[in-house]
Amino acid sequence: MIRLPAGFRARLVFFFTMVAMAASVLVATIGFELAKSALVKRAEDSAIDLVTRELNRITFPIGRLRQGEAKPGIRELAALANALDGPGRSVVIEYGDLLHAEGPMTLDDVPNELHGRAKRFVVTQRKMVSNELWLIVGSAVYRDNGQEPEATGLRAFVFFPMRDEESQLATLRTTMAQGGVAIVLIALVLGLLSARQVLRPVARLSAAAQALGQGRLDTRLPVHGQDELAELTARFNDAAAALELSVSELRSLEAMSRRFVADVSHELRTPLTAMTAVADMLYEEANRLPEAPAEAVRLVLHEIERLRELVEHLIEVSRFDAGTATLHLEPVNVADAVQDCLDVRGWTDQVRVNAPGGLVVDLDPSRFDVIVANLVGNALKHGAPPVLVSARGTENGLEVKVRDHGKGIPPEAMPHVFDRFFKAGAGRTRSQGSGLGLSIARANVHLHGGTISVRAQNPGTLFTVWLPHP
């Protein structure tokens, strides 16, 4: 089975060359057979004409002899054989019990089927004798008695060598093979040129499609001609124009959405600040209130805290979406930074830290604090103790791991844990948290050029953060 080369250009050249080769072989085969038939026909006609002419010139009496006529002997047969003989030929004359041969051939070299046919006809046959091709012409001699030709009993077999014809055919075969190779090479060159000509518009389309994929939506191609490729180019331009319009509208809507979220978040900050101040006062007074009003106050305080966290997260997300989030790197003691993050949030007694005291890495301290706080906060809210935070320096950067020992995250939720507003499980839709914490942690990790991953443990869940050296 022929294995086709990969690539449209290679396939086009391959098929073009195969067609040319097949046509060349077909033409060469037909031409060679025609030439061979013509050469053989010419050799047979020449041989038959020679044999017939010489046999018609026989002057000695043969056949049913008249009274007083001498019966021909070996001398007459030798004379006839000499007349039929020529360069490279071999002659065998048979007359009754007389047999005369000129040359290396004998009557045994005459094919059996030629013996029977040569009794009434001039016949020919090609035969390999001693690794050489011969044309054998056999003929019986008849005498005209005025009514019906009478067989005389004389038969002649002449062996004509076909060296010249074989040499001519060999030369012709070599010439045709050389011509076929030349035709295939020409076809290969023409195939390459044709493929280049045909695939040039395809290459332009490929480059233009790549440009579109890279965001250059104003990419267009000139349309030349009225063939199928020109029509395809026109359709590409139409599709690119429609795509540019759609993307422009989407970008406009996305920008409006981002501005809206950012504006609303910032506008909510002012009333939230006042509400937080009032909430602090209410918190101090809640213990002096009756049980029912006190529970209502605590619920309001809890929701105010959730709203404050959601607004802060939305403001942070809007910065990432707007592309205004930046890094401010400085040497940071990782163990101290993790401990400060836990102290500020009152998590020191709930989390175990394993980090070398002398590990100093260039980080953005505020963004590193956000990463650790979100991962640890997620572990405390949705996991179970003990919560472990470990950090170590590697050859290429900093590795931080946060693990809890809770029920873990369902396998179907693993690919979505970093999606915005995603909460694993129906029971968590009203849980504390905005659903943006892990998404913000991932954004801060990516801003450092690092990676973050999650993996199920038995029990619990393990988050791994890797931050490269700047």
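1. Which residues have the most contacts inside the largest nonpolar core? They are Val 334, Phe 368, Leu 375, Val 376, Leu 398 and Val 465, in a core of 36 residues. A nonpolar core here is a set of buried Ala, Val, Leu, Ile, Met, Phe, Trp, Tyr and Cys residues joined through side-chain atoms within 4.5 Å. Buried means under 20% relative accessible area, exposed over 50%, and partly exposed in between, with a 1.4 Å probe and protein chains only.

2. On the basis of the values: this is a predicted model, in which local features need pLDDT of at least 70 and side-chain atom pairs count only at pLDDT 80 or more, while totals for chains, interfaces and linings use all residues. Residues are numbered from 1 along each chain as its sequence is written, and side-chain values use heavy atoms, with hydrogens and water left out.

3. The protein chain has 9 helices and 12 strands. These are DSSP runs numbered from the N terminus: helices are H or I with at least four residues, strands are E with at least two. Of the 470 residues in the protein chain, 36% are buried. Among contacts with a separation of 6 or more, 61% join residues 24 or more positions apart; contact means heavy atoms within 4.5 Å.

4. Helix 7, strand 8 (360-363), helix 8 (365-382), strand 9, strand 10, helix 9, strand 11 and strand 12 each supply at least two residues of the core of 36 residues. Helix 8 gives the largest share, 7 residues. A second, separate core of 25 residues includes Ala 47, Leu 84, Val 158 and Phe 160.

5. An open sheet of 5 strands runs in the order 7-9-10-12-11 with mixed pairing; two strands pair if DSSP finds at least two bridges between them. Strand 7 (351-354) and strand 11 (451-456) are the edge strands, each pairing on one side only. On average, and ignoring direction, neighbouring strands of this sheet are turned by 15 degrees against each other.

6. Within the sheet, strand 9 (residues 387-393) and strand 10 (residues 397-403) pair in the antiparallel sense over 6 bridges. Strand 10 also pairs with strand 12 in the antiparallel sense, over 7 bridges. Lys 401 of strand 10 is the bridge partner of Ser 390, and Thr 464 in strand 12 is the bridge partner of Lys 401.

7. Strand 11 and strand 12 are antiparallel over 6 bridges, with Val 465 of strand 12 as the bridge partner of Ile 452. Their hairpin has 4 residues between the strands, and in it Gly 460 takes a positive phi near 95 degrees. Strand 12 is mostly covered, with 7 of its 8 residues buried. Beyond its neighbours within four places in sequence, Val 465 is in contact with residues including Ile 371, Leu 375, Leu 398 and Val 445.

8. Helix 8 and helix 9 pack at an angle of about 145 degrees, with their axes 9 Å apart. Axes are lines fitted to C-alpha atoms, for helices over the stretch in contact, and angles run from 0 to 180 degrees between N-to-C directions. Residues making the contact include Ile 371 and Leu 375 of helix 8 and Ala 441 and Val 445 of helix 9. Among the buried residues of helix 9 are Gly 437, Ile 440 and Asn 444. Just after helix 9, Gly 449 takes a positive phi of about 85 degrees.

9. The structure holds 2 aromatic pairs. Rings of Phe, Tyr and Trp (its six-membered ring) pair if their centres lie within 6.5 Å; planes under 30 degrees apart count as stacked, over 60 as edge-to-face and the rest as tilted. Trp 134 and Phe 159 have ring centres 6.4 Å apart and planes at 80 degrees, so this pair is edge-to-face. Trp 134 lies in strand 4 (residues 132-143) and Phe 159 in strand 5 (residues 150-161), so the pair ties together parts 25 residues apart in sequence. Both residues, Trp 134 and Phe 159, are buried.

10. For Phe 418 and Phe 463, the ring centres are 6.1 Å apart and the planes at 80 degrees, so this pair is edge-to-face. Phe 418 lies in the loop between strand 10 and helix 9 and Phe 463 in strand 12, so the pair ties together parts 45 residues apart in sequence. Phe 418 and Phe 463 are buried.
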